[in-house]
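Hi everyone, thanks for coming.

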Amino acid sequence: MPKPVKLLLLLLITLLGGWFRLQNLNWDQFHMYHPDERNIANAVTKLNLPDKLDPGFHAYNGFFIYLTRFAAQNITQYTKDNIWTSDWGHIALISRYLSATFSTLSLPLLFILLSSFFTPAISLISTALFAFSPGLIQYAHYGVTESLLVFWFLLLCLASIRAYHQPKFLLNWFYLSAICGLSLATKTSAALFLVIPFIVWLLTFHHQPLKHFLFGIYFLLNLFLITFIFSPYSFLDFTHFRQSMLYESGVATGTLQVPYNLQFLNTPPYIFSFLNLFWQLGPLIPLFGALGLLFIFLSSLRRPRFRPLLPVVIFGLIYFAYVGGWYTKFIRYQIPFIPLIVIGFAYPLSLLH
């Protein structure tokens with residue numbers, strides 16, 4: 001496929017995917033029906049950058065809240081109307097635009113990732129499936145962190161492939177630590193993302209072991225520093241942060257019963273979560289995507305072609321094994337798994353090509 005045609009098709013897919021994500025973002029007409037959006041908006045009203053930085057809310061750490069506040073203050077400065085920093089509905093609209101923007105930016109990232117292993121045609125088809133996923137379009141319309149986590153995940157995948165091929169360059173480990181730090185500053189559940197750089201580190205450890213060990217120490221120190229910079233009160237107010245994480249963990253695992261997770265009583269682990277993917281991606285993609293991930297995993301053990309993807313696939317297996325077994329099975333927990341399913345789906349597509 002000629003390069004101009006490839007770029008034109010990618011641009012078309014990105015623009016159409018972005019159009020669907022940016023349509024009707026004020027779907028509730030400022031009524032704030034989403035409870036997590038209310039919590040984030042309330043936290044944003046408590047801030048005043050750069051003087052007042054404690055959001056008093058830790059379920060989503062600090063980065064997305066600070067980013068929303070930064071945008072709100074700039075809009076207020078431009079419009080001379082403080083409704084953008086004080087009214088929950090207007091703040092939620094800002095956070096939705098941010099969510100939709102990051103979701104749109106994820107499209108070319110996925111294409112670049114797929115292009116490292118598959119033909120341009122397969123990469124474009126898979127990116128189009130990703131672009132028009134009902135689940136991703138839906139969550140782009142919510143001012144929460146799922147779309148941002150998908151963006152960080154894809155960026156991390158690209159950085160991990162670079163580090164796998166060039167493990168001796170310190171800059172590559174800086175990229176990995178920075179992306180992981182920003183992910184953790186966005187949401188604590190992104191700690192699972194650390195599986196990817198850890199597997200890359202293990203696979204490349206034979207390259208100058210002592211130097212590689214020091215790279216690992218550097219990675220951890222930089223990870224802590226960047227997480228602290230972008231979510232400082234997860235550390236400075238650790239008591240309340242820990243209480244928030246214990247509450248969220250209790251709700252997710254079912255050890256703490258609250259009215260909104262009673263809907264998952266007697267729902268089977270893994271099966272219920274996997275079937276939810278059919279609502280987000282259609283009837284065929286989850287099934288063939290899961291099989292494709294398995295084949296990529298087996299192929300990466302025997303052939304070098306897919307080996308740079310091994311850390312990503314192992315992460316996917318661990319992620320679903322952990323999250324799929326939770327008592328509480330909200331669809332949003334599967335959003336970071338969607339890029340993996342699409343990557344897996346590209347494999348059987350490549351066999352037909």
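This is a predicted model: local features need pLDDT of at least 70, side-chain atom pairs count only at pLDDT 80 or more; totals for chains, interfaces and linings use all residues.

Residues are numbered from 1 along each chain as its sequence is written, and side-chain values use heavy atoms, leaving out hydrogens and water.

Now, how many aromatic pairs does a search of the whole structure find? There are 35. Rings of Phe, Tyr and Trp (its six-membered ring) pair if their centres lie within 6.5 Å; planes under 30 degrees apart are called stacked, over 60 edge-to-face, and the rest tilted. Phenylalanine 118 and phenylalanine 306 have ring centres 5.8 Å apart and planes at 45°, so their pair is tilted. This pair ties together distant parts of the chain, 188 residues apart: phenylalanine 118 is in the loop between α5 (88-115) and α6 (120-131), and phenylalanine 306 is in the loop between α15 (285-302) and α16 (310-323). The helix labels come from DSSP runs numbered from the N terminus, with helices (H or I) of at least four residues and strands (E) of at least two.

For a contrast, take phenylalanine 274 and phenylalanine 278, an edge-to-face pair with 5.6 Å from centre to centre and 85° between the planes. They are 4 residues apart in helix α14, so about one helical turn separates them. Is phenylalanine 278 buried or partly exposed? Its relative accessibility is 26%, so phenylalanine 278 counts as partly exposed. Both rings belong to a cluster linked by ring pairs, whose members include Phe153, Phe274, Phe278 and Phe315.

Phe153 and Phe315 come up again in the largest nonpolar core, along with Phe118 and Phe130, as the residues with the most contacts inside it. That core has 111 residues, and helix α8 (residues 146-165) gives the most to it, with 14. A nonpolar core here is a set of buried Ala, Val, Leu, Ile, Met, Phe, Trp, Tyr and Cys residues joined through side-chain atoms within 4.5 Å.

Next, a loop. Threonine 267 lies between α13 (238-253) and α14 (271-281), and its relative accessible area is 15%, so this threonine is buried. Which side chain does threonine 267 join through a polar contact? Lysine 329, at 2.8 Å. A polar contact is a pair of N or O atoms within 3.5 Å; within protein, one must be able to donate a hydrogen and the other to accept it, and residues adjacent in sequence count only if both atoms are side-chain atoms. The charged end of lysine 329 also sits over the ring of tyrosine 327, 5.7 Å from its centre; the test is NZ of Lys or CZ of Arg within 6 Å of the ring centre and within 35 degrees of the ring normal.

Asparagine 261 is in the loop between α13 and α14 too. Its relative accessible area is 0%, so asparagine 261 is buried.

Notes
Buried means under 20% relative accessible area, exposed over 50%, partly exposed in between (1.4 Å probe, protein chains only).
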